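Follow along with the sequence and the model beside you.

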Amino acid sequence: MLSEMDDRDDIRSSISSVLPDLPGSILNIMEETLQSLGVGTIDDFQFVQEADLLYVLQPIQARKLLASWKQTSQGPGIQSQPDVNPSTSSSLLTSPTSSRSSLSPCPSPRIQLNADWVDRFEIPTERFPEALMQCLERGKRPVPSLRREMIRIVATEMMKACPSPTKHASTEVAKMLVGKYLQSLKDVIEGEVVGTGYHSLVKQLQARIDNKKRHATPRIKKRKSLSDNSDTNEVPAVMKASVQDTYGCVKWDMKFMPVTETLESQNEKKEKMKILWEQGTFNPDEVKELMESTYYSQRKAINNGTALQTLREEWPFLFHEIGISAQYQELTGLPLTETFLKSVGKKGKLLLNFMPTVCAKKTRRVFETLTKLKFQRGQLEGCSDDVKDMVLLLLSYFNEDEATLFHYTEETNQAADVQVDCLPVTPCIIVCGASCYSASRFMLSIDGKIVNDNIAQFIAAINMLFGSYYCLNIHYPVELRSTLEFLQRFLQHQSREGHKGCDEKTTTSN
C-alpha cells in the first residue's frame, strides 16, 4: 500500500514539475486518466501517447509532458528518432507530420511503406472552386456547401493515391489543410480552439472515404414521423417508409428463416407471447427465448414499415424492457443494459468530473444546470442518479431541447391522464414527478403514443428509449442529435462510421 502511494505521488509530482500552473482539478483528472490507461509507475510513461491526453490538456501541454517523460525514461543506449541517419535506415520511413508521439512503438516498415504516399500528397487546390479559394486565401470560414465540396475533392485525390486510406492518413491530410489555411478551417467555438483543431476535418474526410468505399448494400425501410392530423392505421406502409442506412447493425435483415423454424412455429410463438402478455404474469427467461427465436419475423414486420399500433398488438413485448433488450442484442450484437452500465462505471466518473471542472467555467448554461441539479438531487447517491446527471448535463452542454427527451407530468397520473398532444413523435421519456430525481415511475412514448406506462427505473427508461431508435429504425431528431450520438458512442460503443441523426444537420458528404 505504501509503495502504491509513493507511485501515485511520483506520478503527480512528475506532472506538476513540468506543468506547475496546472489547476488542482485538472491535475486530479490527469491522475485518473493515467490510472484508467494502466499507468502504475513512472516507467509506464514511455507508453503514453499524445492522443491519450488531449481531452484533458492542451496540445502544447501534452507535448511538454511527453518530451519530459521521454528524457526521463530514455536509457543511455537508446537514440531518439530525430538522430537516426536516413541513409542507413531506409526501412524506417518517418513522416514529417508523424512526430505527435515519439514515445509510441515504432511501426513496422511495411506499415510505413503503405503510408509513404501521405508524405508526397499535395492538396489539390487547383481543383477547388473559385469561391472556396477566395475564402481560404482571405482567412474566412467557407460556408458548409463549399466545405463539403472541398472534402469531396480532397478525398477523391487521396483515393487516387491509395484506394483505401486509413484514419491516420486522413488525420495527416487534415493537419496539412489546417496548417495551410488555419483561420478558415481550424475547429473553433466562441473563439477557442476545440481539441486538436482539425478533428472535424478528419471525421468528414473519413466519412467521405467510407461512403465511396461502400458497396451497393441492401437497405431497410424506416417509418416516417406522422403529422398531427394523420392516423397510423390509415397510412399505407409504403407511404410511411424511407430509405435509411443500416448503421450500427449486424443482423438487421435476415434473408432466411433459421433452419429450426417454420412460419407455423413462428406464428405459434407469437400467439403464445400475446397470451402471456394478456395474462400479465410470465417468466422473463421464457419471454427472452421466445423473442430471440422469433427475431426473423419481428425484423420483417419492422423493416416492411408495419404501423406502430399493429406492432404493439402483434409483438407487445417489443415495447417491454425484456423484449427491446433481446431485439437490440440480436440487432447490434451488444447487450443493451450490460454495455451501458459497464461504460457508466468505467467512464461516467470522468464525464461528471469534466463537466464542473472544465465546461462549467466556459459555458454559462452548464454552470446553471449544475446548480439546478445539485438542488434537485440533494443527498441522493447511486448509479441511477449519476446517469440522470450525465444525461441532463449533456443536454445542457450541447444546448439541446430537454422537452424533446423528457415530458414531465403529475406523479399520480396514469397513461390516460398524459396530454399526448404535447408529446414529440420521436421516442420520449415521460417523467411522473417534478424532476427525474423525485420520480419513482417513468413511461415511454413513441409517435406521440404511450407504449409502456410503468417503467420503475430511470436507467431502464433511458435504455429502452435508446434501444427503440435502433429497433424501430428511427432517426435521431435534430433537437437531440448530439446528445444521443454521444450516448451512442461514449456509452454504447456504437462507433462505426455514419450516424443515425436527421439529415437536416448532417455535415458528412453524400
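Entry 1. I started with helix H11, residues 263-279. Its 17 residues, at 1.5 Å a residue, should span 24 Å, and I find the end C-alpha atoms 25 Å apart, which agrees. The expected span is 1.5 Å times one less than the number of residues. Helices here are DSSP runs of H or I with at least four residues, numbered from the N terminus.

Ground rules I noted: this is a predicted model, where local features need pLDDT of at least 70, side-chain atom pairs count only at pLDDT 80 or more, and totals for chains, interfaces and linings use all residues. Residues are numbered from 1 along each chain as its sequence is written, and side-chain values use heavy atoms, leaving out hydrogens and water.

Entry 2. Which residues of H11 are buried? I list Ser 265, Gln 266, Lys 270, Met 273, Lys 274 and Leu 276. Buried means under 20% relative accessible area, with a 1.4 Å probe and protein chains only. Their cover includes H12, helix H13 (295-303) and helix H14 (308-314). Just after H11, I saw Gly 280 with a positive phi of about 85°.

Entry 3. Next I looked up Ser 293, which sits in helix H12 (residues 284-293). Ser 293 counts as buried because its relative accessibility is 18%. Leaving aside neighbours within four places in sequence, Ser 293 is in contact (heavy atoms within 4.5 Å) with Glu 261, Gln 266 and Lys 269. A polar atom of the Ser 293 side chain lies 3.0 Å from the backbone oxygen of Leu 290.

Notes
Helices (H or I, at least four residues) and strands (E, at least two) are DSSP runs, numbered from the N terminus. Buried means under 20% relative accessible area, exposed over 50%, partly exposed in between (1.4 Å probe, protein chains only). A polar contact is a pair of N or O atoms within 3.5 Å; within protein, one must be able to donate a hydrogen and the other to accept it, and residues adjacent in sequence count only if both atoms are side-chain atoms.
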